[in-house]
Protein chains: 2
Amino acid sequence: MRRLKATISYDGTLFAGYQVQPGERTVQLELENVLTKMHKGEKVKITASGRTDARVHATGQVIHFDTTLTIPVDRYKKALNVQLPRDIRVLAVEEVAADFHARYSVSGKQYRYIWNCEEQQSPFRRHYSVETNGLKPNVEDMQAAANYIVGTHDFSCFCAANTSVVDKVRTVQSLSFSWQGEELHMVIEGNGFLYNMVRIIAGTLWEVGIGKREVKDLEGIVASMDRGRAGKTAPAHGLYLEKVFY
Amino acid sequence: MRRLKATISYDGTLFAGYQVQPGERTVQLELENVLTKMHKGEKVKITASGRTDARVHATGQVIHFDTTLTIPVDRYKKALNVQLPRDIRVLAVEEVAADFHARYSVSGKQYRYIWNCEEQQSPFRRHYSVETNGLKPNVEDMQAAANYIVGTHDFSCFCAANTSVVDKVRTVQSLSFSWQGEELHMVIEGNGFLYNMVRIIAGTLWEVGIGKREVKDLEGIVASMDRGRAGKTAPAHGLYLEKVFY
């Protein structure tokens with residue numbers, strides 16, 4: 001029995017999210033179906049670094065699973081990609097130690113959030129960036145507000161209410177903005193993220209960018225530990241899980 | 001009554017093509033439905049520069065229609081975009097002379113064809129570029145072969161059999177290749193194109209690029225006027241109608 005780690009990319013548009021849910025098309029279901037077929041019907045369970053919601057994308061999600069097959073890891077990647085639907089691709093497969101765990105061994109993650117600020121959002125970007133109807137935010141203000149978020153804080157203010165997590169202290173190592181053409185990208189790296197945390201941060205900083213909130217409001221929002229003080233949860237389809245660090 | 005010219009972009013993925021067909025979702029149907037609603041049920045017929053097939057994209061298709069509404073043209077664009085599905089966007093609307101005709105006034109067109117040569121095609125590109133399973137063609141050979149196509153020829157060899165067009169002489173003004181990251185783009189401009197002509201050219205030059213045909217074979221293919229001598233029709237979803245010239 002070997003433990004394999006796989007890095008995968010998926011277009012979240014047509015998935016009800018990463019995790020298996022009865023009656024829904026999910027990334028985990030598609031992967032487990034293919035692996036189970038490769039193992040001649042023996043059920044193979046995979047573990048991811050964490051779940052992603054419906055319509056959220058991934059360019060660097062990480063999973064692990066145990067396999068009895070002895071095929072070389074590079075052949076493994078090809079065998080998976082041949083059978084997987086085209087909206088999931090396996091980017092890399094490597095053998096790891098038996099104590100590697102895709103979720104518990106995580107030391108950090110990086111997410112990206114994309115707003116499309118074209119006057120008419122290109123039809124080709126409608127599932128991959130959030131339309132702003134041509135609104136162009138003040139990015140200097142967004143970056144200044146972001147600096148109240150970087151660091152170690154209790155991030156209860158940026159955590160969706162329906163969560164069972166008790167300790168909400170996390171460290172955000174970096175949070176920065178850049179333009180790629182008419183699209184604004186936010187890249188955030190941290191040692192861990194609460195449920196909906198990146199989307200609530202994106203939604204709150206966007207409100208700063210369009211002048212609905214002051215830069216310095218962020219200090220009070222973080223200190224309040226009150227979800228009701230932060231902004232709206234930004235839409236799922238602008239979000240990408242980009243890297244998982246171990 | 002004013003005649004309006006509109007430049008539109010659409011993601012061809014979920015359309016059965018441009019032209020209205022019974023029981024199918026088409027670009028023309030969506031546009032006419034919105035225009036007819038704006039005209040309080042009075043049927044508005046639109047005319048395009050030409051049809052595009054199922055899954056073919058457009059970044060610069062042109063249409064015309066006549067309207068009794070007196071709203072300014074910039075407001076017209078917004079009114080259309082608010083009601084259209086997100087996979088069609090109106091990029092520009094302008095008033096034109098009553099004798100402008102989106103199809104008969106065309107002086108030329110530009111198309112783009114995109115191959116994705118990543119080892120694993122990104123899931124985000126699966127509808128917007130043609131997967132080559134990591135094959136990287138010899139672009140110098142493709143360009144050399146393309147030079148037998150540029151110019152004025154009877155292009156019967158690059159015309160799908162099921163066409164009623166009699167005169168198959170057209171002029172290709174330019175045909176060039178460029179890399180954008182790991183994607184190969186072919187851009188072709190001509191005074192007119194026969195049915196499937198760009199896709200058959202793309203398929204034939206691809207076969208040169210991967211060594212299935214010789215560069216100089218193109219001379220004989222063009223001279224033969226025989227569709228059977230040319231290569232396969234390249235898939236629809238790699239094709240973009242980019243510009244229409246008047």
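**Notebook: salt bridges, domains and one listed site**

I began with a network of salt bridges that links A:D11, A:R25, A:E30, A:D87 and B:R126. A salt bridge here is a side-chain nitrogen of Lys or Arg within 4 Å of a carboxyl oxygen of Asp or Glu. I note that the model is predicted, that local features need pLDDT of at least 70 and side-chain atom pairs pLDDT 80 or more, while totals for chains, interfaces and linings use all residues. Residues are numbered from 1 along each chain as its sequence is written, chains are lettered from A in the order in which they are written, and side-chain values use heavy atoms, without hydrogens and water.

**Entry 1: the network pair**

I looked up A:R25 and A:E30, whose closest N and O atoms are 3.0 Å apart in a salt bridge. Are these residues buried or exposed? I use buried for under 20% relative accessible area, exposed for over 50% and partly exposed in between (1.4 Å probe, protein chains only). A:R25 is partly exposed because its relative accessibility is 26%; A:E30, at 18%, is buried. Over all chains, the structure holds 30 salt bridges.

**Entry 2: pairs between chains**

I next found a salt bridge between B:E119 and A:K77, at 3.4 Å from N to O. This pair crosses between chains: B:E119 is in the loop between β5 (108-116) and β6 (130-131) of chain B, and A:K77 is in helix α2 (residues 73-83) of chain A. Helices (H or I, at least four residues) and strands (E, at least two) are DSSP runs, numbered from the N terminus. A:K77 counts as buried, at 12% relative accessibility.

I then checked B:D87 and A:R126, which form a salt bridge with closest N and O atoms 3.8 Å apart. B:D87 lies in a loop of chain B and A:R126 in a loop of chain A, so the pair joins two chains. Both B:D87 and A:R126 are buried.

**Entry 3: the domains of chain A**

The domain assignment, automatic or from a database, gives domain 1 (2-96) and domain 2 (108-245) in chain A. Their C-alpha centres lie 28 Å apart. I recorded 15 residues of domain 1 in contact with 14 residues of domain 2, contact meaning heavy atoms within 4.5 Å. Which salt bridge did I find between A:D53 and its partner? A:D53 pairs with A:R199, the closest N and O atoms being 3.5 Å apart.

**Entry 4: A:Y111**

An unreviewed UniProt entry lists A:Y111 under "binding site"; such annotations may be inferred rather than shown by experiment. A:Y111 is in strand β5 of chain A and counts as buried, at 10% relative accessibility.
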